[in-house]
Amino acid sequence: MKIIFLGDSLTEGTPGVSFFAPLKESFSNHKLINYGKGGDTVSSLLARLKRLDLKANIIVLFVGANDVFVKVSWTFSVYKTITKQKWAKDKTTFKDKYDALLSKVTEKATHVIVIPPLLIGEQLDNEYNQLLKEYRESIEHLVNTYQNIDYIDLHQEFKNYLDAKESSDYIAKSLKSIMQDVRNLKTKEEIDCVSQDRGLHVTLDGVHLNSTGALIITRKLEEVLTYYINKET
């Protein structure tokens, strides 16, 4: 089967730990393609679709965090302007663009798996996570209007994991800090060590995954993909 992954840096797998790499190994008899791109917003991914071969059995869609993450620092908004990665200025725009995205991908695949944006900072009551919650609710509402989409609430799995933990309020607040992580952290062990030093449990910097966060996603997707592969065969 051909399985395409669409998303931002979490799907691309850098910075941080990739959830895609172990999936590619687990499903080596199938064709898994990673179209993740760092910095992508819902709008910029939508614009990028026309350059991609999207015909597939399954599409995994995991995008939306950058539409809120851009609000953390002025450096992120400048970078997105330079790279032409437009972001949603409000919930209505976000919902409209995400709906257009769903409309495109559902035309190209038999099944679509949607993962909502997870978190910005591991303190789930901060202002960014409150806005992400509204965006997730919009996504879930949209998904219910389509026939061939499976909504995977991985945010709830992350929340369940974090509920028993005490996380710091660390969030990467500059493009420079993210690029330093990309340059300096080459192994899972290095990423997890820095994550621990920052008082975090599932992310490297409040957004990008450490090995624990990546494993949560990998295990869930292994379960869901196995179900659909068995269903088709």
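**Contacts, helices and backbone**

Guide: Let us begin with one residue and its surroundings. Neighbours within four places in sequence set aside, Leu 61 is in contact with Leu 6, Leu 45, Tyr 98, Leu 101, Leu 102, Ile 113, Val 114 and Ile 115; contact means heavy atoms within 4.5 Å. This is a predicted model, in which local features need pLDDT of at least 70 and side-chain atom pairs count only at pLDDT 80 or more, whereas totals for chains, interfaces and linings use all residues. Residues are numbered from 1 along each chain as its sequence is written, and side-chain values use heavy atoms, with hydrogens and water left out.

Visitor: In which strand does Leu 61 lie? Is Leu 61 buried or exposed?

Guide: Leu 61 lies in strand 3 (residues 56-62). Helices (H or I, at least four residues) and strands (E, at least two) are DSSP runs, numbered from the N terminus. Buried means under 20% relative accessible area, exposed over 50%, and partly exposed in between (1.4 Å probe, protein chains only). Leu 61 counts as buried because its relative accessibility is 0%.

Visitor: What is a nonpolar core, and which residues touch the most other members of the largest one?

Guide: In soluble globular proteins, nonpolar side chains tend to be buried together. A nonpolar core is a set of buried Ala, Val, Leu, Ile, Met, Phe, Trp, Tyr and Cys residues joined through side-chain atoms within 4.5 Å. Here the largest core has 77 residues, of which Phe 5, Leu 6, Tyr 98 and Val 114 touch the most other members. Helix 11 (residues 211-232) gives the largest share of this core, eight residues. With residues up to four places away in sequence not counted, Phe 5 touches a list of residues including Phe 19, Phe 20, Leu 221 and Leu 225.

Visitor: Where does Thr 218 lie, and with which residues is Thr 218 in contact?

Guide: Thr 218 lies in helix 11. Thr 218 counts as buried, because its relative accessibility is 5%. Leaving aside neighbours within four places in sequence, the contacts of Thr 218 are Phe 19, Pro 22 and Leu 23.

Visitor: Which residues of helix 5 are buried, and what covers them?

Guide: Thr 75, Phe 76 and Lys 80 are buried in helix 5. Down the axis of helix 5, these buried residues fall within an arc of 135°, so they line one face of the helix. Trp 74, Thr 81 and Ile 82 are exposed on the other side of helix 5. Helix 4 and helix 9 are among what covers the buried residues of helix 5.

Visitor: At what angle do helix 6 and helix 7 cross?

Guide: Axes are lines fitted to C-alpha atoms, for helices over the stretch in contact, and angles run from 0 to 180 degrees between N-to-C directions. The axes of helix 6 (residues 91-108) and helix 7 (residues 127-143) come within 10 Å and cross at roughly 35°. Among the residues that meet are Phe 94, Tyr 98 and Leu 102 in helix 6 and Tyr 135, Ile 139 and Leu 142 in helix 7.

Visitor: What is to be noted about the backbone at Lys 84 and at the bond from Thr 14 to Pro 15?

Guide: Most residues other than glycine have a negative phi, and most peptide bonds are trans. Phi of Lys 84 is near 60°, a positive value in a residue other than glycine. Lys 84 is found in the loop between helix 5 and helix 6, and Lys 84 is exposed, with a relative accessible area of 72%. The peptide bond from Thr 14 to Pro 15 is cis, with omega near 0°. Pro 15 has its place in the loop between helix 1 (9-12) and helix 2 (20-26).

Note on methods. The arc is that of the directions from the helix axis to the C-beta atoms.
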